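Welcome, and thanks for taking a look at this one. Please have the sequence and the 3D view at hand as you read.

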Amino acid sequence: MPTPVSHAAVGFAIAAWTQRRPPTRQVCLVAAACAALPDIDYFGWPVAHRAITHSLAFAVVGAAAATFIFFRGPQWARQRTRLALVSGLALLSHGCLDALSTYSLGIEFFAPFSQRRFRFPWTPLGDPNGTLAGQLVQEAIVVLLPAVVLAWLALKVRGRATSAPATSG
């Protein structure tokens, strides 16, 4: 099962690669929070875990809400659509990562319109008979480390463009 830290790292990496140069810390942090947000259903919400909060509908509504709440100012006006898409991708990444695990009933991607649950054909995360430590190592190798490396690369590569001296021509 991907932990909130892994979900957030993936959201951060998505934002770092999908922004204009250089990646903005605020956008990366909002995307990280969006990527972890669907697990609010785990903490006593009156809905089943991996149901509506992991759905496409929640991603759309959540992306619109995050954009409205965190990117209100005039400096964001020209980018709002792209920021909503980044937030939506971060939210969708959560369900997709959870669909890579073997130890649940699956994800209700189409809630509230369908209660059918899905898993991806390739499920490298979670051996139901394995130990917690083993599952955390699996998650680190498959999700967390690649996300951290991709985010770091995005910050290095995409951040470098603005630090290069301007050439006149």
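## Confidence in the model

Please keep in mind that this is a predicted model. The protein chain has a mean pLDDT of 88, with 92% of its residues at 70 or more. Among the elements, helix H3 (residues 56-70) has the highest mean pLDDT, 97, while helix H5 (residues 132-163) has the lowest, 82.

One stretch calls for some care: residues 161-169 have pLDDT below 50. Beyond near neighbours in sequence, this stretch makes 3 contacts in the model.

Helix H2 covers residues 25-36. Its 12 residues should span 16 Å at 1.5 Å a residue, and the end C-alpha atoms of H2 lie 17 Å apart, so the two values agree.

Buried in H2 are Val27, Cys28, Val30, Ala31, Ala32, Cys34 and Ala35. These buried residues pack against H3, H4 and helix H1 (4-18).

## Where H2 meets H4

Now let's turn to the partner helix, H4 (residues 80-98). The axes of H2 and H4 come within 7 Å of each other and cross at roughly 35°, and the crossing is right-handed.

On the H2 side, the contact involves Val27, Val30, Ala31, Cys34, Ala35 and Ala36. Facing them from H4 are Leu83, Val86, Ser87, Ala90, Leu91, Ser93 and His94. By class, this contact has 10 nonpolar and 3 polar residues, with no charged ones.

Conventions: Residues numbered from 1 in each chain as written. Predicted model: local features only at pLDDT ≥ 70, side-chain atom pairs only at ≥ 80, totals over all residues. Heavy atoms only, no water. Axes fitted to C-alpha atoms, helices over the stretch in contact; angles between N-to-C directions. Helix = DSSP H or I, 4+ residues; strand = E, 2+ residues; numbered from the N terminus. Left-handed = near helix turned anticlockwise from the far one by under 90°. Contact = heavy atoms within 4.5 Å. Nonpolar A, V, L, I, M, F, W, Y, C, P; charged D, E, K, R; others polar. pLDDT = per-residue confidence, 0-100. Expected span 1.5 Å × (residues − 1). Buried < 20%, exposed > 50% of the residue type's maximum accessible area, 1.4 Å probe, protein only.
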